[in-house]
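This report considers charged and aromatic side-chain contacts in a protein chain. The structure is shown first, and the discussion follows.

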Amino acid sequence: MSGRSRIAVLLTALAALGAVLVPSAHAAGPAGRVPDTAVLDGTRLQRTRADLAHGDPQLRRALKDLTTRADAWLDQGPWTVVDKPKPAPGGDVHDYLSQAPYWWPTTTPTADNPWGCPYVQRDGRRNPEVDSGTDRQDVEKVFDSTYDLSLAWYYTGRREYAEKAGQVLRTWFLDPATRMNPNLNHAQFIPCKYDGRSIGIIDFSQSYTSVVDALAILGTGAPGWSAADRAGMRGWNTDFLGWLTNSGFGKEEGAAANNHGTFYDMQLAALAYATGDKALAKKTVLDARAKRIDPQIAGDGSQPQELTRTRSWHYSTFDLVAYTRLAAIGRHVGVDLWTYRGPAGQGLFKAVDYLLQAATGAAAWTHPELEFHRYAATDVVHAAADAGDRAAQRAVRRLEAPPGGDLWELRPAAEQLDSIAG
């Protein structure tokens, strides 16, 4: 065989391999159907899928990182709220339960006192039963897996990703024997002290928008994701939105002045958009200007309430995850939150720019931080760069990739990239 023939054979083989990894742009859903995502830009996802089909090498590298994550979920789960060792206060196994991390039992549990009450606070010391005795870790796996799997299906067309995502969602939210009740009445409870607390809503608000967008992606024609599944999840989200807006815990969390309030607004706007209440979504984003940005961000771009924390870098980036996602929802309802300027000149661009020196490694972060990870800011800098912030655009090439790779081009919505434990 001549050298030219060998090259031709090699190129043909490589093309076939690429076709296996990245099918045609229409293989992952009906042609022309754009995912009606709340945070992600569905049109951008569709365009990215087409670029992948044409062999964009940078996107293919990111896709390999994404499918590695998705593959790891295939033999895990599904998870359910009904299999925790002890039910939530009230005894309904379908109620979600999470526990305040720094509270500990003072006695050995017995049949009459199964929690070992009373509990006392040991600040900074994490009680391991928080991770093994409640639903907290399992629900994070539900959020992460369905997001990774739905995106991996959308970009590759591999049905096992969609089918696994559907199994996880049906088990946690829909199947009568295993479903979660659509409330957070017992989130971050303290045994023998509080049956639940409003601040526990952040268990969902920090990540549940990933599920909202996963549902929109699967809704473009994912195999095994039926009309009944779509209607069931829409009903669950409608009920959950009602609980968030009408319950005492929901109202209290909505009044929070720090990152809890920002995440509440972001979750509320996403659920309103996904369930068809575009007016509520728009109002929530508009109100965030005077209600959130003005009091939470200073004129120099710092976030004073987050800077007082022992993990000030983590919480500064954390709050901006909520803001950048809220700004993304605003794009869908005609509100440009990025260009808003408060009375002291504060705004989202300034808040991101305040992080750039530390995010690029050009200077040290000078505020308290127990566990500094430069990559924690990577996604929020990407978001600002995409929104037109020139300083952020210059900084992108100097960002640190998070563990598992930089997936921004495949899922351009900010995630909290460092640990949220503690």
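## Basis of the description

A residue is called buried when its relative accessible area is under 20%, exposed when that area is over 50%, and partly exposed in between. The model discussed here is predicted.

The structure holds 16 salt bridges. One of them joins Asp71 and Arg158, whose closest N and O atoms are 3.8 Å apart. Asp71 belongs to helix α3 (residues 57–73), while Arg158 sits in the loop between α5 (136–156) and α6 (159–174), so this contact ties together parts that are 87 residues apart in sequence. Asp71 has a relative accessible area of 35% and is therefore partly exposed. Arg158, with a relative accessible area of 30%, is likewise partly exposed.

A salt bridge is also formed by Arg170 and Asp229, with 2.8 Å between the closest N and O atoms. Here helix α6, which carries Arg170, is linked to helix α9 (residues 227–246), which carries Asp229; the two residues are 59 apart.

## A buried pair and a network

Arg311 and Glu369 meet through their side chains in a salt bridge, at an N to O distance of 3.2 Å. Both partners are in loops: Arg311 in the one between α13 (304–307) and α14 (312–332), and Glu369 in the one between α16 (356–359) and α17 (378–386). The pair links distant parts of the chain, 58 residues apart. Arg311 and Glu369 are both buried.

Salt bridges also occur as a network, which links Arg44, Asp386 and Glu409.

The structure contains 21 aromatic pairs. In the pair of Tyr208 and Phe240, the ring centres are 5.9 Å apart and the planes stand at 85°, so the arrangement is edge-to-face. Tyr208 is in helix α8 (residues 208–218) and Phe240 in helix α9, so the pair ties together parts that are 32 residues apart in sequence. Tyr208 counts as buried because its relative accessibility is 1%, and Phe240 is buried at a relative accessible area of 0%.

Tyr315 and Phe318 form an edge-to-face pair as well, with 5.9 Å from centre to centre and 80° between the planes. These two residues are 3 residues apart in helix α14, so about one helical turn separates them. Tyr315 and Phe318 are both buried.

Tyr208 and Phe240 also take part in a cluster linked by ring pairs.

## A positive surface patch

Which residues form the positive surface patch? The patch consists of Arg390, Arg394, Arg397 and Arg398. Arg390 is part of helix α18 (residues 390–395). With a relative accessibility of 64%, Arg390 counts as exposed, because the cut-off for that class is over 50%.

Conventions. Residues numbered from 1 in each chain as written. Predicted model: local features only at pLDDT ≥ 70, side-chain atom pairs only at ≥ 80, totals over all residues. Heavy atoms only, no water. Patch = residues over 30% accessible without salt bridge, like charges linked within 9 Å, V, L, I, M, F, W, Y side chains within 5 Å. Areas by Shrake-Rupley, 256 points an atom, 1.4 Å probe, with all protein chains shown as cover. Salt bridge = Lys/Arg side-chain N within 4 Å of Asp/Glu carboxyl O. Lys, Arg positive; Asp, Glu negative; His and termini not counted. Charge placed at Lys NZ, Arg CZ, Asp CG, Glu CD. Helix = DSSP H or I, 4+ residues; strand = E, 2+ residues; numbered from the N terminus. Buried < 20%, exposed > 50% of the residue type's maximum accessible area, 1.4 Å probe, protein only. Phe/Tyr/Trp six-rings, centres within 6.5 Å; stacked < 30°, edge-to-face > 60°.
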